[in-house]
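Hi,

Here is the structure I promised to pass on. Have a look at it first, and my notes follow below.

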Amino acid sequence: MSELQIGLLLLGAAVIALVYGFNLYQEWRFRKKTRASFARAHPDVLLEVPKNNVRDGVRADRLEPVLAGASPELDDEPDRAAPLPRVDDEPAPPPREPVTLELPPDEDEVPPDDFSDADRQALVASLLDPSLDFIAEVVFAEPHELAALPRFNVAKRVQLIGRTERGLWKPAEAVPGTRYKQLNIALQQVDRGGAVTEQELDSFCQQVARFADAHDAAVNLPHRQQKIVAARELDRFCADVDVLIGINVVPAAPLEGGRLARFAEAAGFTLEPDGAFHYLSDSGNTLYSLVSADQTPLTPASLAGGRFAALTLLFDVPRVAGGVEVFDRAVEVARRMAVEFDARLVDDNRRELSDAGLARIREQLVHIYGSMDDRGIAPGSVAALRLFA
């Protein structure tokens, strides 16, 4: 082989290596920009919320699945929220401290050319929802750099997105060199604490107006009364479908914590910091959970030396995607526990939960999920996770 042929071969190999390396660089650059656009700097404030909270409402307004022939609650029973299946009529949570829930920042601003208009709109739509949020539009006279993100003294969830001088919508952040032409500040109107009140909404609007005045900006607000009426109607709907079902598992003798832990691990549960075993979906959301019936936190220490007289399998109806099928799986787990631990499945009044009774509960779940689908709030969806948080 001549020196010319060897040189040509080496040159060809170098060109191939160069093209391959360039492709790798382009792929790395694209992944970096994608991660930068959707990175989370802190735990997701939407998804990481207490799973067993229930909204504050009036018992008479709730849809309560009950077993036929239910008798009055026994005097010697512990104080519980409602006869099993449990309904979301627990006392309202204590007043929360004023908070600002900020959206996670991007690492770098991505030029508009790197994302299509549809991509940007999809991002905006995933963060704010006019059917759930009261959205105040703050338009600056000139592109404005934020020295700090505004804070709002409100009890509801607040989100901020900004439109940069390049025209890109992104989660708002106070970063030197990033200037915004507009901020959209959204107050969530309904959650398990109920609907926003007129006083709360007026206070929010006043705080937004003060922020706008301090930054030479104009404010566009939705019609308040219409939003209040819509929020109250949405809250009434949510109260009707906000059901927490619990199946009590009562073994013949107190159950050793170590045995419980082994069963839970084999069944696919994960012990979480909230003191409960959670069965998680592939996306990390809770499908159902297992707790001590007396509210004793389940921890490695309590499981190592403790004994448990009863357990409760919890199913948070509106927060679970594929709900009826998942409920069937939860019931199957409860039945397996009954066999494994020589236990009975009962309601909060120690009445046996028969197959017929569980079937009636399932029928009511079908009705609840049908109502949610008709309303356009899919069980376990982002909207449902926000409303039932």
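**What I found**

Let's start with Gln189, which is buried at a relative accessible area of 3%. (Buried is under 20% relative accessible area, exposed is over 50%, and partly exposed is in between, with a 1.4 Å probe and protein chains only.) Before going on, the ground rules: this is a predicted model, where local features need pLDDT of at least 70 and side-chain atom pairs count only at pLDDT 80 or more, while totals for chains, interfaces and linings use all residues. Residues are numbered from 1 along each chain as its sequence is written, and side-chain values use heavy atoms, with hydrogens and water left out.

Gln189 sits in the loop between strand E4 (179–188) and strand E5 (190–191). (Helices are DSSP runs of H or I with at least four residues, strands are runs of E with at least two, and both are numbered from the N terminus.) Setting aside residues up to four places away in sequence, Gln189 has contacts that include Asp133, Phe134, Lys156, Val196 and Lys227. (Contact means heavy atoms within 4.5 Å.)

Asp133 turns up again in a salt bridge with the side chain of Arg386, at 2.4 Å from N to O. (The cut-off: a side-chain nitrogen of Lys or Arg within 4 Å of a carboxyl oxygen of Asp or Glu.) Arg386 belongs to helix H9 (residues 382–387) and Asp133 to strand E1 (residues 133–145), so this pair ties together parts that are 253 residues apart in sequence. Arg386 is buried, at 5% relative accessible area, and Asp133 is buried too, at 1%.

How many salt bridges are there by this rule? The count is 14. Here are two others that I looked at:

- Arg192 and Asp316 meet through their side chains at 2.7 Å, N to O. Arg192 is in the loop between E5 and strand E6 (194–195) and Asp316 is in strand E14 (residues 311–316), so the bridge ties together parts that are 124 residues apart in sequence. Both Arg192 and Asp316 are buried.
- Glu198 and Arg232 form a salt bridge at 3.5 Å, N to O. Glu198 lies in helix H3 (residues 198–214) and Arg232 in helix H4 (residues 224–241), so the parts tied together are 34 residues apart in sequence. Glu198 is partly exposed at 33%, and so is Arg232 at 38%.

Salt bridges with shared partners also link Arg192, Asp242 and Asp316 into one network.

On to the sheet. Six strands make an open sheet in the order E10-E11-E12-E14-E8-E15, with antiparallel pairing. (Two strands pair if DSSP finds at least two bridges between them.) At the edges are strand E10 (270–272) and strand E15 (343–346), each pairing on one side only. Strand E8 (residues 244–251) runs antiparallel to E15 and is joined to E15 by four bridges; Val249 stands opposite Leu345 in E15. Helix H7 (residues 323–340) lies across E8, strand E11 (276–280), strand E12 (286–292), E14 and E15, at about 30° to E12. (Axes are lines fitted to C-alpha atoms, for helices over the stretch in contact, and angles run from 0 to 180 degrees between N-to-C directions.)

Gly380 counts as buried at 18% relative accessibility. Leaving aside neighbours within four places in sequence, Gly380 is in contact with Pro318, Arg319, Val320, Ala321 and Leu385. Gly323 is 57 residues from Gly380 in sequence, and their C-alpha atoms are 8.2 Å apart.

Cheers
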